[in-house]
Amino acid sequence: MIVLTGGKFNRIHDGHRWLLTKAKALGTLVVVVAHDSHNERDYARPARERKARLEATGIPDKVVLGDADDFSIVLDNEKPDIIVLGYDQQLPSGTVEKVKAKNI
């Protein structure tokens with residue numbers, strides 16, 4: 001079972017570790033790091049740095065960079081069985097419709 005979650009991950013904290021660990025317990029964990037264009041925080045770190053930090057935790061099985069324009073591309077590539085969202089997250093607008101149209 002492929003489990004997908006994602007976020008900005010500028011600072012990896014205990015809440016991230018908790019969510020990632022719970023998600024990994026469901027199957028093979030793929031984590032999507034938000035594209036730099038979607039990370040406008042004052043303390044934003046480059047996507048490749050955030051990706052490397054996540055990989056260094058040893059929790060995810062795979063870490064990928066998000067697409068600048070279309071989150072459904074990641075879904076198409078990774079084909080998750082489960083998508084795990086944090087309490088403050090939602091799929092980008094239009095993603096569900098794009099996924100249905102692509103028959104993912």
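Predicted model: local features only at pLDDT ≥ 70, side-chain atom pairs only at ≥ 80, totals over all residues.
Residues are numbered from 1 along each chain as its sequence is written, and side-chain values use heavy atoms, without hydrogens or water. Local features need pLDDT of at least 70 and side-chain atom pairs pLDDT 80 or more, while totals for chains, interfaces and linings use all residues.

I start with α1. Helices are DSSP runs of H or I with at least four residues, strands are E runs of at least two, and both are numbered from the N terminus. His16, Leu19, Leu20 and Ala23 of α1 are buried, meaning under 20% relative accessible area with a 1.4 Å probe, protein chains only; exposed means over 50%. These four lie on the same side of α1, because they cover an arc of only 95° around the axis, taken from the directions from the helix axis to the C-beta atoms. Asp14 and Trp18, on the other side, are exposed. The cover over the buried residues includes β1, β2 and α2.

Next, the cores. A nonpolar core joins buried Ala, Val, Leu, Ile, Met, Phe, Trp, Tyr and Cys residues through side-chain atoms within 4.5 Å. The largest has 14 residues, and Phe9, Leu20, Leu29, Val31 and Leu54 have the most contacts inside it. Two or more of its residues come from each of α1, β2 and α2 (47–57). A second, separate core has seven residues, including Val32 and Phe71.

Last, the largest pocket. Which element gives the most to its lining? That is α1, with five residues. The lining divides into 17 nonpolar, 13 polar and seven charged residues.

Notes. Nonpolar A, V, L, I, M, F, W, Y, C, P; charged D, E, K, R; others polar. Contact = heavy atoms within 4.5 Å.
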